[in-house]
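I opened this notebook to keep track of what I looked up, one topic at a time.

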Protein chains: 2
Amino acid sequence: MFAFIRNLVRGSIVLLSLCGGSAAIAQTDPLPSWNEGRAKQAILEFVGKVTREGGAEFVPPERRIATFDNDGTLWAEQPAYFQLLFAFDEIKRAVADKPELKDKEPYRSVLARDLKGLTADRNKGLMQVVAATHSGMTTEAFAALVRNWLDLSRHPTKQRRYDQMVYQPQLELLRYLRANGFKTFIVSGGGVEFMRVFAEKAYGIPPEQVVGSSGVVKFGIDKNGKPQLNKEPKIEFIDDGPGKPVGINRFIGRRPILAFGNSDGDLQMLQYTAGGERARLALIVHHTDAEREWAYDRKSSIGKLDKALDEGKAKGWVIVDMRADWKTVFPEAR
Amino acid sequence: MFAFIRNLVRGSIVLLSLCGGSAAIAQTDPLPSWNEGRAKQAILEFVGKVTREGGAEFVPPERRIATFDNDGTLWAEQPAYFQLLFAFDEIKRAVADKPELKDKEPYRSVLARDLKGLTADRNKGLMQVVAATHSGMTTEAFAALVRNWLDLSRHPTKQRRYDQMVYQPQLELLRYLRANGFKTFIVSGGGVEFMRVFAEKAYGIPPEQVVGSSGVVKFGIDKNGKPQLNKEPKIEFIDDGPGKPVGINRFIGRRPILAFGNSDGDLQMLQYTAGGERARLALIVHHTDAEREWAYDRKSSIGKLDKALDEGKAKGWVIVDMRADWKTVFPEAR
């Protein structure tokens, strides 16, 4: 009889813990790759207060919207945006397939590494590179190209897969936010169809929670009678700078309560988030780690952080010092 | 002692049922407002096969995307799209506030019920009505107007709140799909900022799962230093016809496995959905119920169903006959 009672009690405890009793879990550090310090403390305090039921700062789960920039915030962006490296690789692959392209623009300039030529006349050459590699195919064919590139290519100096150039502390933060009822979104200047290929596996962020820049897409029925979406060589939306709050409104329809960026292109997203009522958290990754990652800010042509750094400091946003705040930068290589 | 055991047992049972034990629930009809028939059977069979783990047609939860048109599919659309009735009411309210507007267009034509005048010259007057009532304010101010209108106005013939002009069988279907791991989206020609105001409460669909037509929105800092999004009098995206699969790709990034529409404006969404690989379900509401709702199809100026009806019949899509298939149309009045 006592064994029966003991088993029942034990069973109830197991059931209770399956039901989400988290007394034991709460003791472990949800952000082990973050060093103890002001940034980590600010995150823990913010999540604590917005999830405390009955508390003055409580936010119901459906309003716990968190938006993250991608390049330089969730994954690295040096020596150049990875999407641009993808485009250059695709140009080279195209010339290998059709050697007659090698003397035509923008193929010639890419092969000659003529970045000055490509960026002349308001990035005319770069736009041609993007058009040549990001259009003239279905959305599904484009996704297959990106998937293939991710599988075959490696970062030029770190020698990792590009989808392993992600930041371990941010992966922990994304998981921690979701475990606390947040819905996590990417809001990036990068191409939405490019990011969606890896965002789910790399970050646990499904395609419908990725907001990004996009080109025009047209619906059509192909010669086999199959309905398809075709990518056209025309920009439709630039999700950068003031475009970020616009993209947030268009795709999400609520003002975030947490936003995380790393450059001046994130300034308006951070302003829009911090400008909402009640508790809000705005955070910036400051790239200060020349040894483990890269160190750059005000004078960088990629991920320039100047105005947003000043405004963030003035307004008490959380400036994450990569060198000091992050115990680990990249995940263990797989 | 026995009372103690009894309480423990009872406690375990309560815990088990809280944990989602659904043996009892599985026996009850998830679609009680649907009459037994081919449409209901097709839905139950489809959901059964795509959720059967290990089955040939199994679809993992993250790919269980279901898209629903709104006007005429989730709520009624007669005698005119409710968003247009909202716009007309706002025009009248504006004239009540500023009587000097009454001789200016489009105010004069709305007051005179001059629909012919409003629709002349490619709907020029109607576009002015939309511009006058849907722009020149922040996104938050617009949402407040819609909320206020929903609270104060009633449908002209059914005398219900507009957000009670929703279809009970569809509310059950949305719930049933979500209970089976589907993510439910609205994909509508209606304005996204209009629908988001009531979609969460009326349908259980959060703002970030509403895809619709939209106007240009600009980011700015107002005179009090508050970051705001301002609605401009310019159309940006029409989420109708071939725009629907484009909108699905832009906002969701996956081809749905189930789509539900009611008019030719849904044809391309249905084609795109049905054209995917493996199990897909395309459904059409056919308005056949002049008594409880309205009866209209090929010759209607609102919700015209002609080409999609032919193609749906030819391709074996599920044509829901409102009069025969729906036991109840509207929910009990609250």
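The entries below follow the order in which I looked things up.

**Entry 1: what kind of model this is.** Before anything else I noted that this is a predicted model, and I kept that in mind for each entry.

**Entry 2: helices α3 and α5 of chain A.** I began with a reminder that two packed helices are described by the angle between their axes and the distance between the axes. I then looked up who makes the contact: from α3(A) come A:Gln83, A:Leu84, A:Phe86, A:Ala87, A:Phe88, A:Glu90 and A:Ile91, while α5(A) brings A:Leu115, A:Leu118, A:Leu126, A:Val129, A:Ala132, A:Thr133 and A:His134. Sorted by class, the residues of this contact are 10 nonpolar, 3 polar and 1 charged.

**Entry 3: helices α3 and α6 of chain A.** I stayed with α3(A) and turned to helix α6 (residues 139-152) of chain A, where the two axes come within 11 Å and cross at roughly 100 degrees. On the α3(A) side I listed A:Phe82, A:Leu85, A:Phe86, A:Asp89, A:Glu90 and A:Arg93, which meet A:Phe142, A:Leu145, A:Val146 and A:Trp149 in α6(A). In this contact I counted 7 nonpolar residues, no polar ones and 3 charged ones.

**Entry 4: helices α6 and α8 of chain B.** In chain B I looked at helix α6 (residues 139-152) and helix α8 (residues 192-203), which pack at an angle of about 55 degrees with their axes 9 Å apart. The helices α6(B) and α8(B) are therefore oblique to each other, and I noted that their crossing is right-handed. B:Thr139, B:Phe142, B:Ala143, B:Val146, B:Arg147, B:Trp149 and B:Leu150 of α6(B) meet B:Glu193, B:Phe194, B:Val197 and B:Phe198 of α8(B). The contact divides into 8 nonpolar, 1 polar and 2 charged residues.

Entry 5: In chain A, ring pairs link A:Trp75, A:Phe82, A:Phe86, A:Phe142, A:Trp149, A:Tyr162, A:Phe194, A:Phe198 and A:Tyr203 into a cluster. I also looked for charges placed over rings, and found A:Lys158 over the face of A:Trp294, at 5.0 Å from the ring centre. In chain B, the charged end of B:Lys231 sits over the ring of B:Phe142, 4.7 Å from its centre.

**Entry 6: the backbone.** Which residues does a cis peptide bond join in chain A? They are A:Glu105 and A:Pro106, with omega about 0 degrees, and A:Pro106 is found in the loop between α3 and α4 (107-111) of chain A. In chain B a cis peptide bond joins B:Gln78 and B:Pro79, again with omega about 0 degrees, and B:Pro79 has its place in the loop between β1 (65-68) and α3 (82-97). Last, I noted that A:Asp121 has a positive phi of about 50 degrees although it is not a glycine, and that A:Asp121 lies in helix α5 of chain A.

Definitions and conventions
Residues numbered from 1 in each chain as written. Chains lettered and ligands numbered in written order. Predicted model: local features only at pLDDT ≥ 70, side-chain atom pairs only at ≥ 80, totals over all residues. Heavy atoms only, no water. Axes fitted to C-alpha atoms, helices over the stretch in contact; angles between N-to-C directions. Helix = DSSP H or I, 4+ residues; strand = E, 2+ residues; numbered from the N terminus. Parallel < 35°, antiparallel > 145°, perpendicular 65-115°, else oblique. Left-handed = near helix turned anticlockwise from the far one by under 90°. Contact = heavy atoms within 4.5 Å. Nonpolar A, V, L, I, M, F, W, Y, C, P; charged D, E, K, R; others polar. Phe/Tyr/Trp six-rings, centres within 6.5 Å; stacked < 30°, edge-to-face > 60°. Lys NZ or Arg CZ within 6 Å of the ring centre and 35° of its normal.
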